[in-house]
Amino acid sequence: MTSKNMDLTQEYVDDPEKQKKLYRRTLIVVVISQMFGGAGLAAGITVGALLAEEMLGTDAFAGLPAALFTLGSAGAAMAVGKLSNNFGRRMGLAAGFLTGGLGAIGVVLAAVLGNIFLLFASLLIYGAGTATNLQARYAGTDLASNKQRGTAVSIAMVSTTFGAVAGPNLVNVMGDFALSIGVPALAGPFILSGAAFISAGLFLFIFLRPDPFIVALKISVNKKAAGFSDVPGNLKTNENGITVGAIIMVVTQIVMLAIMTMTPVHMGNHGHSLRAIGLVIGFHIGAMYLPSLFTGILVDKIGRPAMAAASGLTLLGAGLTGAFGPGDSLFMMILALVLLGLGWNFGLISGTALIVDSAAPEERAKIQGTVDVFIALGGATGGAMSGMVVAGTSFEMLSIAGGLLSLLLLPVVIGSLGSRNKTEKN
């Protein structure tokens, strides 16, 4: 870091008013980058399984793309977390988005060449974009107070909605564009993904400065050295809080990704068009991100445990709706996927707030990256197993199993309620 950059950072460390302005500016930068990032992640969700089904000639492994890009996001989450911890959010997030963009380009090339091995390798790399999109939610919390964290996470996430909802609804447009340039239609959305991820990475690299994580870390170090008691965040990492937050997010990720992954295949088997599938996934992604602003306020007002419990119950409702609703009913598929997205939203924001509450500032980015690895691995497991479960039983059984699994959140929340309330008061 140059002397000039260090002096610029120090100005914010020494001036609380500048810290508030940087906090607001950081949220604006994150919001804009997340609009691009949301569009980038939508392709894999919407057409990844269909592309694999087309190239492999079977739906038994249709869950493999989601498993691969989720597995790739696990490695990327660790790398982005370490880069952020060592060099700041700017470097970590920019590198992750740019890598994801290269993976999306690789998927398009694999579809053109009909090379399944290149497809799988590219999906792993594409996962870096999805991991980074998720990790960007932490950037807004670096300079937030305890009572702002849920809201800060929600602002970052709600901005993802604009790109994430637009992406699935551009499936036909991008498919037509792909065909016009000699690329298979199902690879078209990945063209959009590549452009979106690369744009997000470049935007963060240019505008996310001074780096909020570096400023927050210096504030913490200075206040500790001076003996202040009002240090942002915790002085020590609360391992119980980290564990509970991680379990909440891992379970919600497994349930959400398993059911979501096989929904396009299930709908295709019931005669729904690609446009209808895109519409359902668009509603789903909207439910994942759009309620975030209200969810964040609720997480800050009524507490992390209550919203985590609400997540489990909402996911149960999604599983039962998907299982018992007619597969040829577009309305029921939309309802099931909206509930699925909403339950995931409740779990992710409450779990994220717990992680930020429980991590010491100097370890925060590394811990966040590590937790996101487990989230990604859980999602990879859900995605990989979903196709096999459906092939061996049915989509209805997958939905019921996912709904029942989500009920694990209730004993986790109840068992840790006392210690978590103590953490929030601190």
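Predicted model: local features only at pLDDT ≥ 70, side-chain atom pairs only at ≥ 80, totals over all residues.
View 1. Glutamine 19 lies in helix 2, which covers residues 16-56. Which residues does glutamine 19 contact, leaving aside its neighbours within four places in sequence? They are Tyr12, Val13, Leu143 and Ile219.

**View 2. Threonine 352, a buried residue in helix 14.** Threonine 352 is found in helix 14. Helix 14 spans residues 330-358. The relative accessible area of threonine 352 is 0%, and the residue is buried. Set aside the neighbours within four places in sequence, and threonine 352 is in contact with Arg137, Tyr138, Val153 and Met249. Two of these names return in later views. Met249 belongs to helix 10. Tyr138 belongs to helix 5.

**View 3. Helix 10 against helix 15.** Two packed helices are described by the angle between their axes and the distance between the axes. Helix 10 runs over residues 239-269, and helix 15 over residues 364-392. Their axes come within 7 Å. They cross at roughly 30 degrees. Angles under 35 degrees count as roughly parallel, so helix 10 and helix 15 are roughly parallel to each other. The crossing of this pair is right-handed. What classes of residue make up the contact of helix 10 with helix 15? There are 14 nonpolar, 8 polar and no charged residues. On the helix 10 side, the residues include Ile242, Ala246, Met249, Val250 and Gln253. On the helix 15 side, they include Phe374, Gly378, Gly379, Gly382, Gly383 and Gly387.

**View 4. Helix 5 against helix 15.** Helix 5 covers residues 116-139. How do the axes of helix 5 and helix 15 cross? They cross at roughly 145 degrees and come within 11 Å. This crossing is right-handed. Helix 5 contributes Leu134, Gln135, Arg137 and Tyr138 to the contact. Helix 15 contributes Gln368, Gly369, Asp372 and Ile375. By class, the contact of helix 5 with helix 15 has 3 nonpolar, 3 polar and 2 charged residues.

**View 5. Glycine 327, a buried residue in a loop.** Glycine 327 lies in the loop between helix 13 (304-324) and helix 14 (330-358). Is glycine 327 buried or exposed? Glycine 327 is buried, with a relative accessible area of 7%. Leaving aside neighbours within four places in sequence, glycine 327 is in contact with His266, His270, His272 and Met333. Histidine 272 is 55 residues away from glycine 327 along the chain. The C-alpha atoms of these two residues are separated by 9.3 Å.

**View 6. A cis peptide bond at proline 210.** Which residues does the cis peptide bond join? It joins arginine 209 and proline 210. Omega is about -5 degrees. Proline 210 is found in the loop between helix 8 (188-207) and helix 9 (212-226).

**View 7. The whole protein, for context.** The protein has 18 helices and 0 strands. Of the 426 residues, 58% are buried. Take the contacts between residues at least 6 apart in sequence: 86% of them join residues at least 24 apart. The accessible surface comes to about 16000 Å². Carbon and sulfur atoms account for 69% of that surface.

Terms used: Residues numbered from 1 in each chain as written. Heavy atoms only, no water. Helix = DSSP H or I, 4+ residues; strand = E, 2+ residues; numbered from the N terminus. Axes fitted to C-alpha atoms, helices over the stretch in contact; angles between N-to-C directions. Parallel < 35°, antiparallel > 145°, perpendicular 65-115°, else oblique. Left-handed = near helix turned anticlockwise from the far one by under 90°. Contact = heavy atoms within 4.5 Å. Nonpolar A, V, L, I, M, F, W, Y, C, P; charged D, E, K, R; others polar. Buried < 20%, exposed > 50% of the residue type's maximum accessible area, 1.4 Å probe, protein only. Areas by Shrake-Rupley, 256 points an atom, 1.4 Å probe, with all protein chains shown as cover.
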